[in-house]
Amino acid sequence: MTEVLERLRDAQNHHDLDAFVTCFDPEYRSEQPVHPDRAFVGRQQVRSNWAEVFAGVPDFQAELLRSAHQDDTGWAEWHWHGTRPDGTRLDMRGVTIFGVRGDRIIWGRLYLEDVEGGQGIDQAVQHLARGSE
């Protein structure tokens, strides 16, 4: 499991699209539970997605902060960052949960979001408890 995550990270950091896509099974299933309309099946969509990321964020870097695994399931905490052509920063953090068979990822659940500032814990708890009053 650790080897697959490290290959994935290294391919991202070298912007090696072929090596990146090879980490995934041809029938890979992706879900983003917080964004259900972003689900897809197939390695070709992985290629399309990441070709755009590498082109749009030429200094994209992935930091694998922590990982753990049990049997064929692995959890990884990520920090993705870089600069878009218009100068705005990409700064995302979150977790992926991957199912692995052999040396390929067969399914994934992604929980990565943009890093936000401006709301302290009191405001966040009030929003959680009361919504947008």
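**Fold, sheet and main pocket of a predicted model**

The protein chain has four helices and six strands (DSSP runs, H or I of at least four residues for helices and E of at least two for strands, numbered from the N terminus). This is a predicted model, in which local features need pLDDT of at least 70 and side-chain atom pairs count only at pLDDT 80 or more, while totals for chains, interfaces and linings use all residues. Residues are numbered from 1 along each chain as its sequence is written, and side-chain values use heavy atoms, with hydrogens and water left out. Along the sequence the elements follow the pattern α-α-β-β-α-β-β-β-β-α. The C-alpha trace spans about 50 × 40 × 25 Å along its principal axes.

- The six strands form an open sheet with mixed pairing, in the order 2-1-6-5-4-3; two strands pair if DSSP finds at least two bridges between them.
- Strand 2 (40-41) and strand 3 (61-70) are at the edges with a single partner strand each, so one side of each has no neighbour in the sheet.
- Strand 5 and strand 6 are antiparallel and share ten bridges. In this pairing G94 has L112 of strand 6 as its bridge partner, and M92 has D114 of strand 6.
- Strand 5 and strand 6 also form a hairpin with two residues between them, where G102 in the turn has a positive phi of about 65°.
- Strand 3 and strand 4 run antiparallel and are joined by nine bridges; E63 has H79 in strand 4 as its bridge partner.
- The hairpin of strand 3 and strand 4 likewise has two residues between the strands, and D71 in its turn has a positive phi of about 55°.
- Strand 1 and strand 6 run parallel, joined by four bridges. E31 stands opposite R109 in strand 6.

**Aromatic pairs**

- The whole structure contains ten aromatic pairs (rings of Phe, Tyr and Trp, its six-membered ring, with centres within 6.5 Å; planes under 30 degrees apart are stacked, over 60 edge-to-face and the rest tilted).
- The ring centres of F20 and F54 are 6.3 Å apart and the planes stand at 75°, so this pair is edge-to-face.
- F20 lies in helix 2 (residues 17-22) and F54 in helix 3, so the pair ties together parts 34 residues apart in sequence.

**Largest pocket**

- The largest pocket has a volume of about 710 Å³. A pocket is an open set of points on a 1 Å grid over the protein atoms alone where a 1.4 Å probe fits, with protein on both sides within 12 Å along at least five of seven lines; lining residues have an atom within 4 Å of a point. Points are joined across faces, edges and corners, and the volume is the space filled by probe spheres set on them.
- Of its 31 lining residues, Q32, W50, V53, W80 and L110 are the closest to the centre of the largest pocket.
- Helix 1 (2-13), strand 1 (24-31), helix 3 (43-56), strand 4 (73-83), strand 5 (89-101) and strand 6 (104-114) each supply at least two residues of the lining.
- Helix 3 gives the largest share of the lining, seven residues.
- The lining has 18 nonpolar, eight polar and five charged residues (Ala, Val, Leu, Ile, Met, Phe, Trp, Tyr, Cys and Pro count as nonpolar, Asp, Glu, Lys and Arg as charged, and the others, Gly among them, as polar).
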